[in-house]
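Please look over the sequence and the model shown here before reading on.

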Amino acid sequence: MIFDRRSDLPLKDDATSRFLPWLVAPMVFLSAVALAGVFILNTLINRWDRDVSGTLTIEIAAAPGEAGESAERTRRYVETALALLKGTPGIAEARALTQEQLVALLAPWLGNSDLLKELPLPALIDVTLKADTPVDLDALSRKLAQTVPGASLDDHRIWLARLIGLSRSIEWLAVGIVLLIGGATSATVFYATRTGMAVHREVIEVLHLIGAPDGYIGRQFADRAFTLALRGGIIGLALNVPILAAIGIGTNRLQGGFLAELTLPWIGWAAVLLLPLAAATVAMLTARLAVHQTLARLL
Amino acid sequence: MRREAADRANVVQFDGVGVRYGPGPEILQDISFALQAASFHFLTGPSGAGKSSLMRLMYLAQRPTRGRIVLFGCDVAQAKRYELPALRRRVGVVFQDFRLLDHLSALDNVALPLRVAGASEEEIQKYVPDLLNWVGLAEHIHSKPPTLSGGQKQRVAIARAVIGRPDLLLADEPTGNVDDHIAMRLMYLLDELNKLGTTVIVATHNEHLVSRLHHPRLRLENGRLRAG
């Protein structure tokens, strides 16, 4: 095992590397937050994309008049709109929402009161577009407005595209933060290793002169860096897991359609849980690189 | 096989080697000599004559400013850097200032060349205590260098240099801190090793030792090699 491999260098008593876990811990903590953000956003984007892309909503305002007459006229408008939609190339399906479905949509805000059923609710038509046939949405919108009084086309693709664009930007920013943190950790380990080598210069020289290859000396620094970084990574992760779990529990309680998936998917949990190991591996490779680079100056 | 190959060639060969530190004069000038396998030489000369610099060249701690060094048939200047550790493992060195690792026990210090060469713990436990016993340090096997006397440290350093049965043994003043009795005992150890095929070079000021052992000498004066 890497943890109990013997070392010829007195690295365990080395003051220069003692701070490493306390530096890696916040690094892993911040990386875990950023990485979790990436996975949560990615899940949200995929869900929005899946749910909304390729769909339209036609809203037809309730026709004026007495309740019965209004409902009848609105129903006729809906049928006209459906006929128009079905005759438009690129429309895969057009389906009017029932009264019960409309009430269910409003229930989270207005409750399940019978009053809802008496209100002049607008009609909604859920339209699915064909993926391979483009639809001229402006022309369709104009035609609907001319043919069906009170009809309007809600093209949420533009809204969604902007939202997805913003989310993707945040996602890349988070990836950048993770890389930046990784780079900062690497640089710290690199200079800590160089300092350690300066402190143990005489021991290293003896090992070198009795025929130790660079890899033999490098392994001892790399093992130490791995152990310390893993220790720091576990501390950082231990601080992070309750926060991520709390976010998951908190958003689940909201039960809102938009935030329901603000929980970390299993692959995100796996990535976050592997962060200490990743940090330790980065530290190990960096330490090895620092040793090889420094020893390359010797004969 | 390796030892047979070493037998066929010179173990060490210097051709017109010179060493200069910075812009100053050459510390070593036009050094040329060849040492056959299983030979034993003393390297003598006054302080500042360049003995330690010559030893450093032989244990590959530095490059010459000019000239050619061939070790075990390998031109050091032509060798790839990754090939040098294997050459160094064929050379045992007793440093003048011992260079023991203070945080390791006598046993671990002596075991270093074996560990570096990839020996198992069983081999280490089998050979190292025996050798420490032979050099009279059986009771100090677990002692760390700071608790040992100068003579004891020197014996640990010698044990570390010979434990790997090197093809070439370089000893810089190996008997400087021990009494005559121990000095002769240590020299007999080097002699025994020499009889087994190791080429030995001992840099020393001890004329008494040189005269008793009747080995040829390389004499350095003002950075030049004189006939012994």
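The paragraphs below go from confidence to domains, then to helix packing, and finally to the contact between the chains.

This is a predicted model, and the predictor gives the complex an ipTM of 0.89 together with a pTM of 0.76.

The domain assignment of chain A gives domain 1, made of 11-50 + 160-295, and domain 2, made of 62-149. The centres of domain 1 of chain A and domain 2 of chain A, taken over C-alpha atoms, are separated by 52 Å.

Helix packing in chain A can now be followed pair by pair. Two packed helices are described by the angle between their axes and the distance between the axes. Helix H1 of chain A (residues 20-52) packs on helix H9 of chain A (residues 266-273) at an angle of about 160°, and their axes lie 9 Å apart. Since angles over 145 degrees count as roughly antiparallel, H1(A) and H9(A) are therefore roughly antiparallel to each other. The crossing in which H1(A) passes H9(A) is right-handed. From H1(A) the contact draws on A:Ala32, A:Leu35, A:Ala36, A:Phe39 and A:Ile40, and from H9(A) on A:Ile267, A:Gly268, A:Ala271 and A:Val272. Of the residues in this contact of H1(A) with H9(A), 8 are nonpolar, 1 is polar and none is charged.

Helix H1(A) also packs against H10(A), here at an angle of about 125° and with the axes 10 Å apart, which makes H1(A) oblique to H10(A). H1(A) passes H10(A) in a crossing that is right-handed. On the H1(A) side, A:Val24, A:Met27, A:Val28, A:Ser31, A:Ala32 and A:Leu35 meet A:Leu275, A:Pro276 and A:Ala279 of H10(A). The contact of H1(A) with H10(A) comprises 8 nonpolar residues and 1 polar residue, with no charged residue. A:Ala32 and A:Leu35 of H1(A) take part in the contact with H9(A) and also in the contact with H10(A).

A further pair is formed by helix H2 of chain A (residues 67-86) and helix H5 of chain A (residues 137-147), which pack at an angle of about 150° with their axes 10 Å apart. That angle makes H2(A) roughly antiparallel to H5(A), and the crossing of the two helices H2(A) and H5(A) is right-handed. Here A:Thr80, A:Ala81 and A:Leu84 of H2(A) are in contact with A:Lys143, A:Leu144 and A:Thr147 of H5(A). The residues of this contact between H2(A) and H5(A) comprise 3 nonpolar, 2 polar and 1 charged.

What remains is the meeting of the two chains. Contact between them involves 12 residues of chain A and 18 residues of chain B. Helix H7 of chain A (residues 201-209) supplies the largest share of the side of chain A that touches chain B, with 4 residues. On that side of chain A, the residues divide into 10 nonpolar, 1 polar and 1 charged.

Terms used: Residues are numbered from 1 along each chain as its sequence is written. Chains are lettered from A and ligands numbered from 1 in the order in which they are written. This is a predicted model: local features need pLDDT of at least 70, side-chain atom pairs count only at pLDDT 80 or more; totals for chains, interfaces and linings use all residues. Two residues are in contact if their C-beta atoms, placed from the backbone, lie within 7 Å. Ala, Val, Leu, Ile, Met, Phe, Trp, Tyr, Cys and Pro count as nonpolar, Asp, Glu, Lys and Arg as charged, and the others, Gly among them, as polar. Axes are lines fitted to C-alpha atoms, for helices over the stretch in contact, and angles run from 0 to 180 degrees between N-to-C directions. Angles under 35 degrees count as roughly parallel, over 145 as roughly antiparallel, 65 to 115 as roughly perpendicular and the rest as oblique. A crossing is left-handed if the near helix is turned anticlockwise from the far one by less than a right angle, and right-handed if clockwise. Domain bounds come from an automatic or database domain assignment.
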